Amino acid sequence: MAVVTPRVFVSHLAGTPVFDPNGDQVGRLRDLVALLRVGQRPPRLLGVVVEVISRRRIFVPMTRVSGVDSGQIVITGVVNMRRFEQRSSETLVLGELLDRRVRLVETGEEVTVLDVGITQLPARRDWEIEKVFVRKGKGRALRRKGEALTVEWSAVTGFSLEEHGQGAESLLATFEQLRPADLAGVLHHLSPKRRAEVAAALDDDRLADVLEELPEDDQVEILGKLKDERAADVLEAMDPDDAADLLSELPEEEKERLLALMQPEEAADVRRLMAYEERTAGGLMTTDPIVLRPDATVADALARVRDPDLSPALAAQVYVCRPPDETPTGKYLGLVHFQRLLRDPPFTLVSSIADTDLPALPPDTPLPEVTSYLAAYNMVAAPVVDESGALLGAVTVDDVLDHLLPDDWREDGLHGSAAAGLTGGGSLGKAADGR
């Protein structure tokens with residue numbers, strides 16, 4: 001049986017109240033931000049513009065929007081209160097798409113856009129503009145003259161980017177389906193000017209993912225060409241351990257300036273990681289593992305593991321701790337492997353099936369011992385616990401490999417070679433280097 005995904009027309013969303021998970025109103029929706037794509041591909045929604053109580057307009061990524069309908073919008077996670085500034089690659093749906101004159105592809109007839117319908121892609125968090133509600137005739141939309149009809153996005157022309165001459169936006173559309181590691185390889189092979197243009201056009205989450213895969217000198221170069229506020233936003237979107245590694249490469253004054261611009265909670269995690277030696281468990285760990293209380297169930301754990309934003313290594317196991325749930329937690333009690341979660345009934349308490357015999361790592365454990373630990377116990381992640389028994393974070397195998405491989409592995413590694421093949425010839429190569 002086909003999965004039916006909900007569709008919402010954006011005109012019904014204007015002024016809709018926006019709530020946090022506790023039911024408290026954050027503000028009201030004022031617009032949606034979309035990324036137009038080459039040809040007739042439907043635009044992807046990047047996020048929503050919310051006017052908060054102070055009348056400041058802020059941006060909330062779609063990854064933090066958990067529910068959308070004409071009555072309310074629900075968001076999760078920490079809200080960045082910086083004022084929204086539209087970027088050159090972004091399009092405001094209510095402000096720039098509605099009342100626009102476009103043409104029907106089949107007949108060439110000019111029509112007016114009255115509304116657009118958005119839908120969430122099955123099994124993903126991504127949202128796209130799927131339908132366009134248009135009115136035929138040359139009169140203004142409000143005069144309600146002429147036949148009105150709803151068509152597919154691909155049935156109209158006049159919105160999307162042209163195939164040529166669109167600079168970084170066209171290049172981004174070309175490489176949109178690449179994994180972050182492969183896109184990082186593409187950026188590495190671009191000229192510094194072109195690399196800065198593409199980085200500036202990427203949204204914060206995408207740029208954060210790509211930065212994590214780039215060599216350190218490329219990371220520093222790209223971050224240095226961003227405005228301080230944007231750089232702080234991107235650092236917040238990065239995994240805390242990767243953000244700490246990048247900031248450690250910057251001069252002290254610049255590092256402190258960016259940390260001061262970050263959200264206090266995010267900056268605190270990064271500062272805590274920077275206090276440890278780089279090649280130790282504390283310096284390698286991430287502060288965002290899956291933490292559950294003893295009274296959580298297997299069903300609760302599986303719901304957390306399903307988060308598409310988690311890396312496979314972090315999703316491989318959950319850590320059972322007493323409150324508080326954020327690292328550093330209360331007393332660490334043990335961990336539950338993903339396979340064990342699949343074997344037990346949904347109502348089972350995670351505390352009853354936690355592995356309590358597996359030793360945890362102190363934060364000063366050197367890299368060779370961390371590597372031996374993962375190999376000895378066949379683990380893809382390891383808990384890091386302080387002297388008081390609180391969970392500080394988890395070391396994942398990908399971060400260990402980053403420090404075991406040669407310093408230049410990102411430049412000569414497999415994803416770099418694959419990306420070099422993409423940029424080495426043909427139409428993609430020409431788009432990548434700007435020729």
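Biologist: What share of the contacts in the chain with a separation of 6 or more comes from residues 24 or more positions apart?
Modeller: Those residues account for 58% of them. Contact here means heavy atoms within 4.5 Å.

Biologist: Is this one predicted or experimental, and how do you count things?
Modeller: It's a predicted model, where local features need pLDDT of at least 70, side-chain atom pairs count only at pLDDT 80 or more, and totals for chains, interfaces and linings use all residues. Residues are numbered from 1 along each chain as its sequence is written, and side-chain values use heavy atoms, with hydrogens and water left out.

Biologist: What's the mean pLDDT of the chain?
Modeller: The mean is 83, and 84% of the residues reach 70 or more. pLDDT is the predictor's confidence in each residue, from 0 to 100.

Biologist: Which elements have the lowest and the highest mean pLDDT?
Modeller: Helix α20 (residues 426–433) has the lowest, 33, and strand β15 (residues 317–321) has the highest, 97. Over residues 413–435 pLDDT stays under 50, and the model has 33 contacts beyond four places in sequence for that stretch. Residues 162–166 also stay under 50, with six such contacts. Where pLDDT is low, the predicted coordinates should not be read in detail.

Biologist: Okay, and how many helices and strands are there?
Modeller: There are 20 helices and 18 strands in the chain. They're DSSP runs numbered from the N terminus: helices are H or I with at least four residues, strands are E with at least two.

Biologist: How much of the chain is buried?
Modeller: Buried residues make up 48% of the 435 residues. Buried means under 20% relative accessible area, exposed means over 50%, and partly exposed is in between, using a 1.4 Å probe and protein chains only.

Biologist: Which residues have the most contacts inside the largest nonpolar core?
Modeller: L207, L223, L235, Y319 and V395, in a core of 57 residues. This core draws at least three residues from each of domain 2 (178–274) and domain 3 (285–404), with the bounds coming from an automatic or database domain assignment. Apart from it lies another core of 38 residues, among them V48, V60, I75 and F159. A nonpolar core is a set of buried Ala, Val, Leu, Ile, Met, Phe, Trp, Tyr and Cys residues joined through side-chain atoms within 4.5 Å.

Biologist: Let's zoom in on L235. Where is it found?
Modeller: L235 is in helix α7. Its relative accessible area is 1%, so it counts as buried.

Biologist: What is L235 in contact with, leaving aside its neighbours within four places in sequence?
Modeller: L223, A243, L246, L247, L258 and M262. L247 is twelve residues along the chain from L235, and their C-alpha atoms are separated by 8.7 Å.

Biologist: And the rest of α7, how many of its residues are buried?
Modeller: Helix α7 (residues 228–237) is mostly covered, with seven of its ten residues buried. They are R230, A231, A232, D233, V234, L235 and E236. Those buried residues pack against α4 (192–201), α5 (204–211), α6 (216–224), α8 (240–247), α9 (252–261) and α10 (264–274).

Biologist: You mentioned α10. What do its buried residues pack against?
Modeller: They pack against α8, α9, α11 (281–284) and β18 (391–396). The buried residues of α10 are A267, D269, V270, R272 and L273.

Biologist: Switching topic: how many aromatic pairs are there?
Modeller: The count is three. One of them is W153 with F159, which is stacked at 4.5 Å centre to centre and 15° between the planes. Both residues are buried. Rings of Phe, Tyr and Trp (its six-membered ring) pair if their centres lie within 6.5 Å; planes under 30 degrees apart are stacked, over 60 edge-to-face and the rest tilted.

Biologist: Where is D99 found, and is it buried or exposed?
Modeller: D99 is in the loop between α1 (93–97) and β9 (101–104). Its relative accessibility is 55%, so it counts as exposed. D99 has a positive phi of about 70° although it is not a glycine.
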